[in-house]
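User: Please take a close look at one helix of this model and at the side-chain pairing elsewhere in the chain. A connected account would be appreciated.

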Amino acid sequence: MKYTCPMHPEIIEDKQGSCPICGMALEPMGPVEGEEDNTEYQEMKKRFFICLLFTVPVFVIAMGRHLPGDGLKDLFSSKSLQYVELLFTTPVVLWGAWPFFVKGYQSFKNLHLNMFSLISLGVSVAFIYSLFAVLLPDLFPVSFRNHNGQVAVYFEAAAVIVTLILLGQVLELRARSQTGTAIKALLGLAPKTAIIIRKNGTEEEINLDEVSPGDRLRVRPGEKVPIDGEITDGLSSIDESMITGEPIPVEKSKGDKVIGATINGTGSLIIVAEKVGSDTLLSQIAKMVSDAQRSKAPIQGLVDKVSGVFVPIVILISILSFIIWAVFGPEPKMAYAIINAVAVLIIACPCALGLATPMSIMVSTGKGATIGVLFKNAEAIEELRKIDTLIVDKTGTLTEGKPRLAVYKPVGNYSSEMLLSYAASIEKGSEHPLARAIVEKAQELQLELPPVSDFNSVTGKGVMGIINGSNIALGNAKMMQDRAINIDEIIDTTDELRSEGQTVMYVAIENKLAGYLSVSDPIKKSTPGAISKLKKENIRVVMLTGDNEKTAGSVAARLNIDDVISGVLPDQKAEKVKEYQENGHRVAMAGDGINDAPALAQANVGIAMGTGTDVAMESAGVTLVKGDLNGILRAINLSRQTMRNIKENLFFAFIYNAVGVPLAAGVLYPFFGLLLSPMIAAAAMSFSSFSVIVNSLRLKSLKL
């Protein structure tokens, strides 16, 4: 397992540790199965509680000096109390803060100043100053000493700062582990065993990792489907809610695909394994979520630039504050100078700034996985909220993607069986849904499918080949025109079929019309409502299809889609997307086929309908496990909520620094006599990080 930094993905290490650039804890580069290694969290928690025990007495002693009737002065001399503070603070600083000093040293060594640069500087200054004040008070000017000859110490500032920062780290590490709960929950859905049906008919329960593609498995009622496969026998309803986010079980029968980890209903199924191990949809989802959580949103570039100049500026402000207080401040000048310089360093720690974007992205991608929305990277999350135009492919996106052969009519002396037999034979090698519909009908009627030679596919038009010595062509009207085949005698009939939303294909034998077939593909029940909602969101819906104008127009009219682009060849889809972009539109393209991949890549955001091909999913920025338009609505809503969350986080981070740094530098002292204690600065800094963490985790409870 490799580890990388969420903020700096170029950093890749073989083991867990800290990023040499920002000091952030490195994250695993893939989904972690089993128990997560939380060693760092446990170690940081132990440091926090031990340091808390040491810090409490230091804080009590320090605060007692400012309270009337301090009983400790009657029991111990003030010098003795200073030694007690030194005794308790030393392990807090030298042991508790040691990880911060290491990261701070690395930041200066690598010239990548970060929050640990400021923490290590601030704690070091407060502790070393106090150490010399106790052990070598004579080194300080007389103006620094009180009537007992002692110099004021600030051990409580160093100890409380370290303890509060440790608390912040504990909260951050815990929150980070919570962002991975979606992945762990997904991986935990998979069953541990499967029932294999041996070749001799016996059944045996085996471990899931022993299943291979091609194995026949039995899934009993109420059991989880062990792997991705196809049903060969049985009828049941499958609860796919854990994968798709849809609560209604889906009816499945012979020939239907099933997904690993979904729950079988009341029927018994026999399935043949197709994808196992890391190839299953469940594993691919976990990997996609893990990859997306580590990616950087474009807005993070601005944060990186700000952080790059922020820390040096803070150090400069701290130095200037020290100089101004040391020269112009009231007595004891040096004490005021050190305290205010330390307060500036601590309150300006940009940890909240560093957390603002990655925390939201990690929570959002995890949330998306639970509702069937998979983001390929953070850029897709940021871009999706900006789209104003959604271009959708018809087949499989607006429709069920499971066409059925509706009509097959011969012309002349050919029989309907021969027409269908020849059509199915020549379409047998195609993966297109329309081709499958023809082949399935021929197989259902148990027709003989003669062999095909010299097969040739003409992109966007049809297929050709030789059957029993005759040249066969099957395709659309364009193919018939190219071959000078007259279809006028049936054009009225086929136009009527197209007006009903059916796709018509013509069959020619030896360059003479032999008949026609029509395939119907029902519109998904969810499509009309989803299009209506998209329009309410001011998103323009465009249907892009290879179908002819009449078929496309019929479907568009039923769905109330205004913009229709019909008769588009696969290689033209990307060009159509580009045309909308050149006219100033932010375009999302939704599709599910290999021929959609170029258009998905060209779009501002490509959306692969999860029922489609791996190529489409690889080209897209968003994948919907359940391929319908409601998933697009959920994805857009999640994108908008995530970017709003990031902006809120950045506001929290910047407002603390914008207000805190001047306060820590002492700008209010000339007017109101107010100064910001380094302890208060540390608390404010930790609270800013806590605010960002809590705000990010709100995304987990979103109702989409």
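Analyst: In helix α19 (residues 527-536), the buried residues are Thr 527, Ala 530, Ile 531 and Leu 534, where buried means under 20% relative accessible area, exposed over 50% and partly exposed in between (1.4 Å probe, protein chains only). They lie on the same side of α19, because they cover an arc of only 100° around the axis, the arc being that of the directions from the helix axis to the C-beta atoms. An α-helix has 3.6 residues a turn, so residues three or four places apart point the same way. Helices (H or I, at least four residues) and strands (E, at least two) are DSSP runs, numbered from the N terminus. The buried residues of α19 pack against β14 (389-393), α14 (394-398), β21 (540-544), α20 (549-559) and α24 (629-665), contact meaning heavy atoms within 4.5 Å.

The model is predicted: local features need pLDDT of at least 70, side-chain atom pairs count only at pLDDT 80 or more, and totals for chains, interfaces and linings use all residues. Residues are numbered from 1 along each chain as its sequence is written, and side-chain values use heavy atoms, with hydrogens and water left out.

Glu 648 is partly exposed at 27%.
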